[in-house]
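Biologist: I am new to reading structures, and I would like to take the features one at a time. Could we begin with the general idea of each feature, and then turn to the case on the screen?

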Amino acid sequence: MNARRHENHACMTLDDVLSRIGGKTFGAALSPHWDDSSSSLPEGPLPFLVPSAAHSSRAWCGLPADADAILDKAAKAISSDAALRLLAWHAYRRLHDWPEDGGFNNWPTLEAPLGDLCGCFYLLIGLSIVPKVRELHASMGIAERVTRDTCGQVSASALNYRRGWDGRLGIPKEQLHWYHHYLAGRLFRLDRFEFKLERFRPQCHVFRHRRAGHVVALATGVVRYTADGLAVREDVPADLEGSWTTDFELTDEYALGYPIAPNGCAIPQQVRLPLEAWAHVTPADEFTLDMHIPAGGDMTHGRCVNSMRQGVTFFRRHFPEKSFATISCSSWIYGPQLEDVLPSTANLVRHMREVYLFPVSCAQGSGLWFIFLRDPVDLATAPRVSSLQRAVANHLDAGGAWRAGGMFFLVDDLDHYGSRHYRAQWPSAAKSLEVLAIP
């Protein structure tokens, strides 16, 4: 047995590794670049499995010091097993060198060879980003505080794992691929939220009235909506009762389309906005500050707006060549049903009412993984520990639909955060649209 565990990696094929970890069903997920990884496997210790390196990275990510003993145990188990060692190197190379070839959703859980330490396999791969992120940020002149907060995403993932896997240490393998954004130097955490620059591609166009300042979103392209104004995916049957379809036209003189109210519902009334009166805030080449929300709660008004302000300042300083007028996000957090299932005092609901929501074409159940950490979600066994889990499970038990949503917030309106600005101005904006409606 020991001879098998310490065999030379050069003698191991992908089939050998698959046999060791519990089956060949993972072959398709593991095969891209396997030969490259196998031929480049170092003879000595893998750097990210060395205890001192793992401890340092753990500290930078904000994980507690008592995690070191468990990480050491997991690293030793991986290093002493030829198949797991080769698999760890392959995971490292896939994340660092070939992220374009997909994530880790279909990789093995590794419960058979590692037992309760299986989540630490992916946690150790996640921690491996820290040295490169630190080096990259230093070369960009980024403050150490931002680097530490950015690396803290590993702790946020570990929080999800602890919630979903009986309090154990690890990270969900489904979240590991996200880390390639940090390695590329494009995603940064600034207080509560993370941000990166992307082209503005939500399912809406944003306009502001040049004199009154009203903000109105128009649905983009050809999108089908339910009777209550929520976007429908193309694979949903076309005979959905009450559904209707939008279009959008932009000329040098006007924009023609269907409005979306700030509560995230499209309105089945076509309008024409004259561009002499309405400025198009999101032209095709416009960037947006793409916002992401790590696990952890504490989305108070103060932290939300402070994070958004920090994001604007940071990206204008470090990426001055890319202008942006909006902060935007698509997430389960902006699903329209959340306002119905959570109390109005909940931080999530209070935040939703500050931003301008828009519908997102998505599958039924989109985003439920982040709430229950299960895929698919079985309501009979889904955890109902938190008030959010209980509220959403009760909603689904009653036959309610579930979908993700999106939001944008104009940078120029940050001083209005906390006043429900877009909803407060909507009655006046809607009255203006009545005049501009197409009979």
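Modeller: Two strands are said to pair if DSSP finds at least two bridges between them. Please keep in mind throughout that this is a predicted model. Strands of a sheet pair through backbone hydrogen bonds, and the pairing is either parallel or antiparallel.

Biologist: Which residue is the bridge partner of P359 in β16?

Modeller: The bridge partner of P359 in β16 is G405, and this belongs to the pairing of strand β15, residues 356–359, with β16, which runs in the antiparallel sense over four bridges. Strand β14, residues 324–331, also pairs with β16 in the antiparallel sense, over six bridges, and there S330 stands opposite G406.

Biologist: How many residues of strand β16 are buried?

Modeller: For this we need a cut-off, and a residue counts as buried when its relative accessible area is under 20%. In strand β16, residues 405–410, six of the six residues are buried, so the strand is mostly covered.

Biologist: What is the order of the strands in the open sheet of three strands?

Modeller: The order is β6-β5-β7, and the pairing is antiparallel. The edge strands are β6, residues 231–232, and β7, residues 244–245, each of which pairs on one side only. Strand β5, residues 224–225, is joined to β6 by two bridges in the antiparallel sense, and R224 stands opposite V232 in β6.

Biologist: Now for helices: at what angle do the axes of α5 and α10 cross?

Modeller: Helix α5, residues 51–60, and helix α10, residues 130–139, have axes that come within 9 Å and cross at roughly 60 degrees.

Biologist: How do the buried residues of α11 lie, seen down the axis of the helix?

Modeller: The buried residues in α11 are V146, T147, T150 and C151. Seen down the axis, they fall within an arc of 130 degrees, so they line one face of the helix. Among the elements they pack against are α5, α10, α12 (153–164) and α15 (301–318).

Biologist: Where does L110 lie, given that it has a positive phi although it is not a glycine?

Modeller: L110, whose phi is about 70 degrees, lies in the loop between α7 (82–97) and α8 (111–114), and it counts as buried at 2% relative accessibility. L373 is another residue other than glycine with a positive phi, near 55 degrees. Its place is in the loop between α18 and α19, and L373 is buried with a relative accessible area of 4%. The loop between α18 (368–372) and α19 (387–397) also holds P376, which is joined to D375 by a cis peptide bond with an omega of about 0 degrees.

Biologist: Lastly, is R93 buried or exposed?

Modeller: R93, which is found in helix α7, is buried, with a relative accessible area of 14%. Leaving aside its neighbours within four places in sequence, R93 is in contact with D36, S37, S40 and W98.

Note on methods. Residues are numbered from 1 along each chain as its sequence is written. This is a predicted model: local features need pLDDT of at least 70, side-chain atom pairs count only at pLDDT 80 or more; totals for chains, interfaces and linings use all residues. Side-chain values use heavy atoms; hydrogens and water are left out. Axes are lines fitted to C-alpha atoms, for helices over the stretch in contact, and angles run from 0 to 180 degrees between N-to-C directions. Buried means under 20% relative accessible area, exposed over 50%, partly exposed in between (1.4 Å probe, protein chains only). The arc is that of the directions from the helix axis to the C-beta atoms. Contact means heavy atoms within 4.5 Å.
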